[in-house]
Amino acid sequence: MKHVFKKVLAVAAIASASFVGNAAVAEYPERPITMIVPFSAGTSTDTVSRLIAKVMSDNLGQPIVVENRAGAGGSVGTSEVVKADPDGYTIAMGTVGTLAINKSIFTDLPYDPEADVTPISFVGYTPTLLVVGADSKFQTLEDLVAGSKAGDGITFASTGNGTSTHLAGELLKVLTGGQMIHVPYKSGAVGLAAVMSGEVDFMFNHPVSAKKNVEAGKLRALGVSGAKGSVVAPEVPPINDSYDGFDLIAWWLIHGPANMPDDVTNKLSAAVTAAINAGEVREYFATSGITEGDVPLDGLKGFISAEVQKWGGIAESAKAKAD
Amino acid sequence: MELLSNLALGMETAFSYDALLYCFIGVSIGTFVGALPGIGPMVTISVALPLTFGLDPTVALIMLAGIFYGAQYGGSITSILLNLPGTASTAVTALDGYPMTKNGRAGLALFINAVASFCGSSLAVLLVMGFAPTIADFALGFNSTEYFSVMLLGLIAACTMSNGSTLKALVMVAFGLVLGIVGLDLNSGVPRFTFGFLGLTEGVSLISIAMGLFGIAEIVTKLAESKNGGSAAEPKVTHVPFRDMLPKRDELRRLWGPILRGTGIGSVIGALPGSGPTVAAFMAYAMEKKVSRTPEKFGTGALEGVAAPEAANNASVQAAFIPTLSLGIPGDVVMAILLGAMIMHGIIPGPQFISAQPAMFWGLIVSFWIGNVMLLILNLPLIGLLVKIITVPARILYPVVIFFICIGSYSVANNVLDVFVTLVFGLVGYLLLRLNYNAAPVLLGFILGPMMEENLRRSLVISRGDLTVFLDRPVSVGLLLVCLLLLLMPLRKPLMRYIRMAGQR
């Protein structure tokens with residue numbers, strides 16, 4: 001207990017010293033780092049962030065404080081980070097939503113994910129599973145598409161207007177030419193329940209929770225959104241095999257405000273990489289179907305631009321606009 | 001017999017030294033943060049989450065869950081003593097709990113709170129034990145049409161809640177409905193009434209409204225009263241002998257009905273993902289008032305008005321574990337955080353969770369019981385001490401309370417705007433009090449409005465705009481009929497009189 005108190009004192013002393021000025025970069029980090037999570041506690045992004053932050057702070061020798069700043073599809077928290085000093089003491093967990101989709105969905109997004117951000121490290125990605133209820137009449141993706149072209153068409157659940165799960169459904173609609181009606185839900189969990197009960201025909205969902213219910217016979221998985229398939233559900237065929245051009249993944253990328261000094265970025269990036277390779281994170285990734293990031297630091301800007309382009313195209317064809 | 005062996009397994013887990021210790025820590029923290037106005041279980045659990053990384057997953061969950069249901073106990077304490085709800089779900093308890101305090105029966109109110117909470121929780125835990133998968137399937141059978149009908153029922157019941165003018169209650173419900181519109185529209189993604197504030201895109205925070213309308217407004221009223229030369233209504237209890245805390249025999253008999261009905265309502269509402277303890281408490285209160293032979297006593301310190309909502313909100317919190325544990329579907333944010341905690345520990349709840357992790361499931365369930373007994377033991381002796389809060393001088397108590405309310409409203413979303421919103425609602429609440437409006441229906445309108453809209457529009461999107469969808473499903477039809485009945489009830493007496501007069505003629 002006593003040495004904990006000493007540590008706290010030391011942190012306080014260093015923090016106040018750095019306030020006086022002369023924050024020599026060589027000693028970075030010399031005070032606690034804030035990691036802003038632009039989604040609420042309990043979301044998958046929050047879970048990933050807290051785990052990574054914990055392991056990173058062990059490596060960096062400074063606490064990383066996780067702060068949830070949810071709102072407007074992650075725009076609230078992200079715009080907070082891009083306004084912060086680019087000194088490496090305020091970083092954020094970016095997602096496919098905050099760094100790619102939002103740019104084409106929100107007409108007055110207060111930041112530009114391509115210009116206002118310094119990418120630090122690609123944490124990981126996961127494809128989503130297309131699931132239907134166990135009692136659904138659709139046994140295969142072909143059945144589903146055929147069903148969407150008959151009568152009133154079919155419905156799909158999403159986690160909200162302009163989210164990746166919504167746009168995935170829209171892309172399927174565009175590629176297959178079927179009639180698929182969007183039904184937004186407040187959370188993925190509630191949407192999944194609606195698919196289970198048969199209220200809605202299908203949904204794209206993160207593989208973890210979907211997979212457990214597939215195994216228990218409450219859901220059926222008809223396809224994977226990523227062209228490479230899913231590590232937790234290798235038996236499910238990628239939708240891309242039937243409809244070329246369907247390759248969507250949800251991803252997490254740690255970033256800071258624009259113009260961060262290179263040495264700080266490199267140090268943080270190395271810390272993230274070390275965290276991803278730590279045993280507990282590897283274990284968590286394996287159970288949740290997350291594949292570790294495979295884009296190097298110098299390729300991240302290009303990756304973000306490519307994703308902005310890709311989702312922008314889908315949003316354009318789906319005419320999904322939020323404000 | 002399988003149940004017995006499962007229970008034995010659960011006890012083995014839950015009675016281990018670590019489990020007991022962390023269960024106690026959890027419920028103690030829960031009671032404490034529950035009692036602090038504005039600071040709720042959500043923030044506490046997300047802060048405590050990283051601290052549990054080193055623990056055995058079962059023990060970690062036992063502690064985190066303890067914080068959650070412990071907070072329901074604590075939240076009512078300040079509702080009863082100071083008319084300051086510690087959590088939104090205990091705002092209903094203040095309706096009759098605070099008048100009891102004013103009548104000098106604070107000890108009894110706290111006693112009823114503890115006992116009703118205990119009974120509600122324990123009975124709901126029994127349901128979780130025996131029927132979790134069945135109840136989960138039942139809850140899955142609720143489509144948006146049924147959700148809409150339940151919410152409509154709740155809203156209509158709300159209008160009958162407050163005493164005095166039904167018109168005033170209606171105005172308050174409407175005010176709540178309007179507040180509920182603020183934020184991004186789920187269907188179109190269009191922001192409504194956000195006035196350009198990004199911080200309002202998620203809507204006005206429930207904590208801000210509850211803490212403003214009840215907490216700040218109460219304090220402003222007290223200050224205004226003392227300025228006008230003292231407060232006649234100030235409760236003057238300094239010492240509560242144990243005898244005064246216990247209900248009299250006839251009072252005890254009156255409590256069983258409300259507790260059982262409250263538990264029933266709480267268990268059903270709690271098992272439905274997305275509804276939560278606040279709705280459960282309101283519905284239980286409205287129901288009690290409907291079935292009571294002395295509805296006029298509600299709002300003036302009726303024992304039933306404390307027992308029913310307390311049993312309901314605690315039962316709903318326990319029942320909320322059903323969809324979370326047996327389907328992996330969290331009903332609200334707190335459950336989502338608990339689910340996140342399980343996933344971080346490498347355990348993914350789903351339909352096979354109970355059979356795949358029996359030690360964890362049954363250990364957790366048994367720990368709920370242990371935790372509730374601990375809460376009872378923790379709370380009863382504290383009553384004598386707690387009522388002394390009333391005697392703390394206003395100049396010390398109120399600044400402290402306002403301090404916590406500000407921290408609490410900020411901590412929900414780490415948003416400074418929410419603090420100002422709370423203060424604005426404090427002023428609104430003060431005006432409402434002066435004009436003799438009861439603010440409780442605002443909360444219900446605020447919670448139910450968006451859910452009703454969401455489910456109405458969803459039903460219609462799925463049915464391609466066909467309104468008869470509400471009459472296609474038996475549960476929905478039944479609920480709508482009850483709504484109709486409630487609406488026609490006030491017409492019954494004049495109608496009877498008319499018939500009688502017509503007969504005489």
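In chain B, 79% of the contacts with a separation of 6 or more are between residues 24 or more positions apart; two residues are in contact if their C-beta atoms, placed from the backbone, lie within 7 Å. The model is predicted: local features need pLDDT of at least 70 and side-chain atom pairs count only at pLDDT 80 or more, while totals for chains, interfaces and linings use all residues. Residues are numbered from 1 along each chain as its sequence is written, and chains are lettered from A and ligands numbered from 1 in the order in which they are written.

Chain B holds 23 helices and 2 strands. Helices (H or I, at least four residues) and strands (E, at least two) are DSSP runs, numbered from the N terminus. Of the 505 residues of chain B, 57% count as buried, that is, with 20 or more other C-beta atoms within 10 Å of their own, C-beta atoms being placed from the backbone. The C-alpha trace of chain B spans about 70 × 60 × 55 Å along its principal axes.

Now to chain A. Here 5 strands form an open sheet with mixed pairing, in the order 7-6-8-5-9; two strands pair if DSSP finds at least two bridges between them. Strand 7 (180-184) and strand 9 (219-224) of chain A each have a single partner strand, so one side of each has no neighbour in the sheet.

Strand 5 (residues 129-133) of chain A runs antiparallel to strand 9 of chain A, and 5 bridges join the two. In this pair, Leu129(A) stands opposite Val224(A) of strand 9.

Conventions. Buried ≥ 20, exposed ≤ 12 C-beta atoms within 10 Å, placed from the backbone.
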